[in-house]
Amino acid sequence: MKQLIVACTLLFFTITGTFAQTKVFKEVGNEMSSSMRTISQDGTLVGYLVFTELEKADKDSFNYKITIMDENLNDIGVVNFREMKLDLRSVAFEQEVLCLSYMKSNLLGHAIKKRKEIREAVSKGYMAVFTQFIDLTGKVLKTNTIKVGVDLATEYRKGQLDIGNGGLKEPLRVSNIAGKGFACFFGDDRGKFLYIYDIKGNQTWQKKIGGEEGDYNMLVSGHDVYFLLQKKDEKHGGGFYVFGYGLEDSTSIPKYYLKDKKGNPLQVQAFSNDPVSGKPFVSGKIINPRRNRALVTYKSIAKGNYLGLFTVNIDGRKKDSIKHVYNYWNDVKNPIANSKGRLHANKSYLLAGPSFKDYSGNTYFTGSALKRRMNVGLVAAEVATVPLVIVSPIMLGYFGTRKFTIRDAMVIKQTPDGALSVDNTIPVLPSRGMPCNYSLLLADNKSYYTVSSSDTKSTYLIITDQKNINFYSVDQKKVLRTISRKDGNLETYIFPAKEGHVMVSEYNKKEKTRRFSIEAI
């Protein structure tokens, strides 16, 4: 039996509150499984969708149900259909039409026990990208199936009951094109492919893109589509460049390699559309190639892995339309840190998180304050083991004499004219001390994401640590609200919602229910 949990649940009952639309889901064990997906348009969440696999219709197909909800969790439509085994990957919305993209297979997701049956099934098996176009009345306008090239035998051995990405080299994703239709992108053993559809689901053109192996990120901006590619096996963690295509006629937009004027590689923290201009921008860290290595440690950050921060604004297709802002830590005109990145404001290094833009053109870099101090206990242990000759040098070489702790959340502000400053620090739960040479533990003990409101031109930062969730107003420079992640039997999580709102998820372990509510910040 499959358990319906969190976003994999059946609707139990609905409560409508005064300030927020609320739904409560109860876990139920049966032969059905469901998954919840957000519905996005132009990068903004506009609704939710619950995709439910019902009973098996025959040996090759299943019955499915789609429940469509608006941004306030109100039910607005239900679609029932029959198809082969499907795994829903992403959903986009444009002009009252939903585009759903699935992985589809006649092999993966089916339990086959006997070796002879497995060999026969693999020989006849296939994997496909399946797109489905549905209007808000529940009418299926069109479907498209594209067979993909993957090693089915290997994927079947990995996990025969799950499709997932189905062995794709680049995950399937779909995005709306304002006023036009949808862009669908994926990569398989044959290459990377971009398909463009109109509102009715008809293919207008398709193209094999890229050519280099690496990690691809797709961004639709107006009537252009851009890709951010990071080449694999890059020595210094850089190797990024941007290229794209015009969505009207598939014309190519030239590559732009992400390096500063001195040739230093750039490491990307954000690739998104400016909330005001709607044009793409890229922001992140300037790499010091003499100090940086692919394996980053706390110690290497303190030794000067990064030279500063940057923003690149892509205002048009031509290279002279690309504007950049570079800030170096020890810039004579605007020094905020020493040459190795130790910030003057709080004597810490930046363990960088995501970056974003506000409605005034400023770029913000989030992250945690990385503090270095003497590891008294370890030094004492090293001194105590000096008589052992070998042990002490090994401990000293691997662990060093310092330790690091991840402390306050930080917000660093970069203005359009290039002024850089530590905008604020937000006290949160610190991490335990860690040896400086550790790299596997080089992960922040906090997570960050943003919520914005185009109506009020406000931007909020959601900071989650091990115990609390903090709602920080970037414009007001203060924490507006703090929620405990655990309170008795309740566990609380925060997810994206419509502009200026968040989805608060409260799981009651005792009652085995999950309460979702859409709340204004």
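For what follows, Ala, Val, Leu, Ile, Met, Phe, Trp, Tyr, Cys and Pro count as nonpolar, Asp, Glu, Lys and Arg as charged, and the others, Gly among them, as polar. The model on the screen is a predicted one.

I will start with the largest pocket. Its volume is about 1,700 Å³. The lining consists of 48 residues, and those nearest the centre are Asp42, Gly43, Thr44, Ser272 and Asn273. Sorted by class, the lining of this pocket has 22 nonpolar, 20 polar and 6 charged residues. Several strands give two or more residues each to that lining, among them S5 (33-41), S6 (44-56), S9 (85-94), S13 (170-177) and S17 (214-221). Others in that group are S21 (266-273), S25 (349-357) and S30 (447-453). Which strand gives the most to the lining of the largest pocket? That is S21, with 6 residues.

The largest cavity holds about 80 Å³ of space. Around the largest cavity are Lys285, Ile301, Tyr306, Leu309, Trp329, Lys340, Gly341, Tyr349 and Leu350. At least two of the lining residues come from strand S23 (306-314), and at least two from S25. S25 also gives two or more residues to the lining of the largest pocket. By class, the lining of the largest cavity has 6 nonpolar, 1 polar and 2 charged residues.

The second largest cavity has a volume of about 70 Å³. Its lining includes Tyr226, Val242, Ile314, Gly316, Arg317, Lys319 and Ile322, as well as Ile253, Pro254, Lys255 and Tyr256. Strand S20, residues 252-257, supplies the largest share of this lining, 4 residues. The classes here are 7 nonpolar, 1 polar and 3 charged.

S13, one of the strands at the largest pocket, belongs to an open sheet of 4 strands in the order S13-S14-S15-S16, with antiparallel pairing. Why is one side of S13 and of S16 left without a neighbour in the sheet? S13 and S16 (203-209) stand at the edges and each has a single partner strand, so one side of each has no neighbour there. On average, neighbouring strands of this sheet are turned by 15° against each other, direction ignored.

For S16, the pairing is with S15, residues 191-198, in the antiparallel sense over 6 bridges.

Key:
Residues numbered from 1 in each chain as written. Predicted model: local features only at pLDDT ≥ 70, side-chain atom pairs only at ≥ 80, totals over all residues. Heavy atoms only, no water. 1 Å grid on protein atoms, 1.4 Å probe; cavity = no way out; pocket = protein on both sides within 12 Å on 5 of 7 lines; lining within 4 Å. Points joined across faces, edges and corners; volume = space filled by probe spheres on them. Pairing = 2+ DSSP bridges. Axes fitted to C-alpha atoms, helices over the stretch in contact; angles between N-to-C directions.
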